[in-house]
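Welcome, and thanks for taking a look at this one. Below is a short briefing, grouped by topic, to read alongside the structure.

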Amino acid sequence: MIRLFKVKEKQRETAENAKDEAVRRKQTAGELRLHKDISELNLPQSCGIAFPNGKDDLMNFEVSIRPDEGYYHGGTFLFSFKVSPIYPHEAPKVKCKTTIYHPNIDLEGNVCLNILREDWKPVLNINTVIYGLYHLFTEPNYEDPLNHDAAQVLRDDPKLFESNVRWAMKGCRIGDTFYSQCI
């Protein structure tokens, strides 16, 4: 009988500690804003979002983009998002996880998108960033490149650029670089 009371008491303590932990763990302003942004997402059908660490980790997620027009039509490109606790005062960190032949995305996955750098403002949101990424696939910009070789080919010979994109999306090599198959 005494043992039963100790077990019950231990269960009560464990439940109270769990309750205290939940009260102590408050969401940051960034987490609250991100939760709002995600709940209000209005993505085109060609984009998707996933939480590889589960719904408890909203600050790290992945977005897939499948352009339905342009040079990259038919490919699927994966981006990782890491959001700071001080979001929206700091832009999310976005990396392309697919090795891609693109003037605005380098081979390490860094993305050249003005709203992720100097043009970021707290009024912008995740939906805006995803649409900006999508726009990079429909209108690649050779004037502000990270991959200078791809930018030069796009500027000087759009037909060769289109051919290189198709080969790269099939997982082939262009120059010294092997690309991720994404078709």
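A pocket, as the word is used here, is an open set of points on a 1 Å grid with protein on both sides within 12 Å along at least five of seven lines, and its lining residues have an atom within 4 Å of a point. Please keep in mind that this is a predicted model. With that settled, here is the tour.

**The largest pocket**

- The largest pocket holds about 170 Å³ of space.
- Its lining is made up of Ser80, Lys82, Ala91, Pro92, Lys93, Val94, Lys95, Asn110, Val111, Leu116 and Leu146.
- Two or more residues of that lining come from each of β3 (77-82) and β4 (93-96).
- Strand β4 gives the largest share, with 3 residues.
- Sorted by class, the lining has 6 nonpolar, 2 polar and 3 charged residues.

**The loop between β3 and β4**

- Pro88 sits in the loop between β3 and β4.
- The peptide bond that joins Tyr87 and Pro88 is cis, with omega at about 15°.
- For context, most peptide bonds are trans.

**How α4 and α5 meet**

- Two packed helices are described by the angle between their axes and the distance between the axes.
- For helix α4 (residues 148-156) and helix α5 (residues 158-169), the axes come within 5 Å and cross at roughly 135°.
- Helices α4 and α5 are therefore oblique to each other.
- On the α4 side the contact uses Ala150, Val153, Leu154 and Asp156, and on the α5 side these meet Pro158, Leu160, Phe161 and Asn164.
- By class, the contact of α4 with α5 has 6 nonpolar, 1 polar and 1 charged residues.

**Salt bridges**

- How many salt bridges does a search of the whole structure find? The search finds 7.
- Asp37 forms a salt bridge with Arg33, and their closest N and O atoms are 3.0 Å apart.
- Both Asp37 and Arg33 belong to helix α2 (residues 29-39), where they lie 4 residues apart, about one turn of the helix.

Notes: Residues are numbered from 1 along each chain as its sequence is written. This is a predicted model: local features need pLDDT of at least 70, side-chain atom pairs count only at pLDDT 80 or more; totals for chains, interfaces and linings use all residues. Side-chain values use heavy atoms; hydrogens and water are left out. Axes are lines fitted to C-alpha atoms, for helices over the stretch in contact, and angles run from 0 to 180 degrees between N-to-C directions. Angles under 35 degrees count as roughly parallel, over 145 as roughly antiparallel, 65 to 115 as roughly perpendicular and the rest as oblique. Contact means heavy atoms within 4.5 Å. Ala, Val, Leu, Ile, Met, Phe, Trp, Tyr, Cys and Pro count as nonpolar, Asp, Glu, Lys and Arg as charged, and the others, Gly among them, as polar. On a 1 Å grid over the protein atoms alone, a cavity is a set of points where a 1.4 Å probe fits but cannot get out, and a pocket is an open set with protein on both sides within 12 Å along at least five of seven lines; lining residues have an atom within 4 Å of a point. Grid points are joined across faces, edges and corners, and a volume is the space filled by probe spheres set on the points. A salt bridge is a side-chain nitrogen of Lys or Arg within 4 Å of a carboxyl oxygen of Asp or Glu.
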